Amino acid sequence: MDTYEKNRRFLDMYNDFIFLEDEPQKADIIFVPGNGFPQMAERAAELWKGKFAPWVLPSGRYSVVVGRFAGVQAKQQIYTGSYETEWDFLYDVLTRNGVAGQAVLKENQATYTYQNAIHSRAVTDAAGIQVNRAIICCKAQHARRCKMYYQLLYPETELLICPSDTGINRYNWFETEAGIEEVLGEMERCGAQFHQILREKIEMPGKE
């Protein structure tokens with residue numbers, strides 16, 4: 001009996017929480033949280049060309065942990081530019097894959113996922129875009145945390161998750177140390193970071 005079959009009940013709980021995926025529908029915008037992998041922006045480009053949304057908003061400066069753009073993490077032979085921010089990289093991926101430059105909005109200050117959501121909301125508000133439904137193109141294992149944070153900033157918006165597989169997915173994460181660390185790390189961050197967000201909201205001046 002393999003690892004999955006022996007631990008099916010517990011692994012399915014983690015899978016159902018972390019690995020979200022929706023069928024794409026017509027939306028007002030496509031969000032791409034910052035990262036160094038091209039697959040999510042490539043997926044966003046496919047959806048934009050399929051007329052699922054008129055706007056794409058990649059978001060990101062670089063990881064707050066690293067303090068600089070950590071470089072292209074896949075398909076380096078294709079994406080060879082010198083990128084200062086995650087947004088610069090994602091813009092290049094989008095436009096190379098057929099997205100019109102004027103359809104790509106700019107957010108190049110965020111350094112972690114919650115900031116991706118915060119700054120993206122500021123961009124759409126400034127542009128006067130009413131976001132009733134949005135698509136999020138993110139890493140498969142990043143889906144739950146992305147949805148949590150973007151939903152906090154877009155509470156009335158229907159969010160659809162259209163993830164990409166960058167090597168870790170619901171079928172293999174428990175087979176490698178790297179996969180276990182990343183997926184269970186997502187579980188921990190969903191709790192710890194959301195805990196801090198809720199605490200900050202409780203401590204806001206003017207609360208009753």
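A residue counts as buried when its relative accessible area is under 20%. Asp 92 has 16%, so Asp 92 is buried. The model described here is predicted. This briefing covers its nonpolar cores, salt bridges, aromatic pairs and charges over rings.

**Nonpolar cores**

- In soluble globular proteins, nonpolar side chains tend to be buried together.
- The largest nonpolar core here has 28 residues. Ile 30, Phe 89, Leu 94, Ile 135 and Cys 137 touch the most other members.
- Three elements each supply at least two residues of this core: β1 (29–33), α3 (39–49) and α4 (86–96).
- What does Cys 137 touch, leaving out residues up to four places away in sequence? Its contacts include Ile 30, Phe 31, Val 32 and Pro 33. Met 40, Arg 43, Ala 44, Leu 47 and Cys 162 are also on the list.
- A second core of 24 residues is separate. Among its members are Ala 117, Ile 136, Tyr 154 and Leu 159.

**Salt bridges**

- How many salt bridges are there? The count comes to eight.
- Asp 92 pairs with Arg 96, and the closest N and O atoms are 3.0 Å apart. The two residues are four apart in helix α4, so about one helical turn separates them. Asp 92 is buried at 16%, whereas Arg 96 is partly exposed at 47%.
- Glu 182 and Lys 139 also form a salt bridge, at 3.5 Å from N to O. Glu 182 lies in helix α7, while Lys 139 lies in the loop between β3 (133–136) and α6 (143–153). The pair therefore ties together parts that are 43 residues apart in sequence. Lys 139 is buried, because its relative accessibility is 18%. Glu 182 has 24%, so Glu 182 counts as partly exposed.
- Arg 145, Glu 186 and Arg 189 belong to one network, joined by salt bridges that share partners.
- Asp 16 meets Arg 170 in a salt bridge with an N to O distance of 3.5 Å. This pair links distant parts of the chain, 154 residues apart. Asp 16 is in helix α2 (residues 8–18). Arg 170 is in the loop between β4 (158–161) and α7 (177–202). Buried or exposed: which is Asp 16? Asp 16 is exposed, because its relative accessibility is 52%. Arg 170 is partly exposed at 25%.

**Aromatic pairs**

- The whole structure holds 10 aromatic pairs.
- One of them joins Phe 69 and Phe 89, with ring centres 5.8 Å apart. Their planes meet at 35°, so the pair is tilted.
- Phe 69 sits in the loop between β2 (56–59) and α4, and Phe 89 sits in helix α4. The two are 20 residues apart, and the pair links distant parts of the chain. Both residues are buried.
- Phe 89 also pairs with Tyr 83, in an edge-to-face arrangement. The centres are 5.3 Å apart and the planes are at 65°.
- Why does Phe 89 count as buried? Its relative accessible area is 0%, and the cut-off is under 20%. Tyr 83 is buried too, with 13%.
- Ring pairs gather Phe 69, Tyr 79, Tyr 83 and Phe 89 into a cluster.

**Charges over rings**

- Lys 106 places its charged end over the ring of Trp 87, at 4.9 Å from the ring centre.
- Arg 144 lies over the face of Phe 17, and the distance to the ring centre is 4.6 Å.

How values were computed:
Residues are numbered from 1 along each chain as its sequence is written. This is a predicted model: local features need pLDDT of at least 70, side-chain atom pairs count only at pLDDT 80 or more; totals for chains, interfaces and linings use all residues. Side-chain values use heavy atoms; hydrogens and water are left out. A nonpolar core is a set of buried Ala, Val, Leu, Ile, Met, Phe, Trp, Tyr and Cys residues joined through side-chain atoms within 4.5 Å. Buried means under 20% relative accessible area, exposed over 50%, partly exposed in between (1.4 Å probe, protein chains only). Contact means heavy atoms within 4.5 Å. A salt bridge is a side-chain nitrogen of Lys or Arg within 4 Å of a carboxyl oxygen of Asp or Glu. Rings of Phe, Tyr and Trp (its six-membered ring) pair if their centres lie within 6.5 Å; planes under 30 degrees apart count as stacked, over 60 as edge-to-face and the rest as tilted. A charge sits over a ring if NZ of Lys or CZ of Arg is within 6 Å of the ring centre and within 35 degrees of the ring normal.
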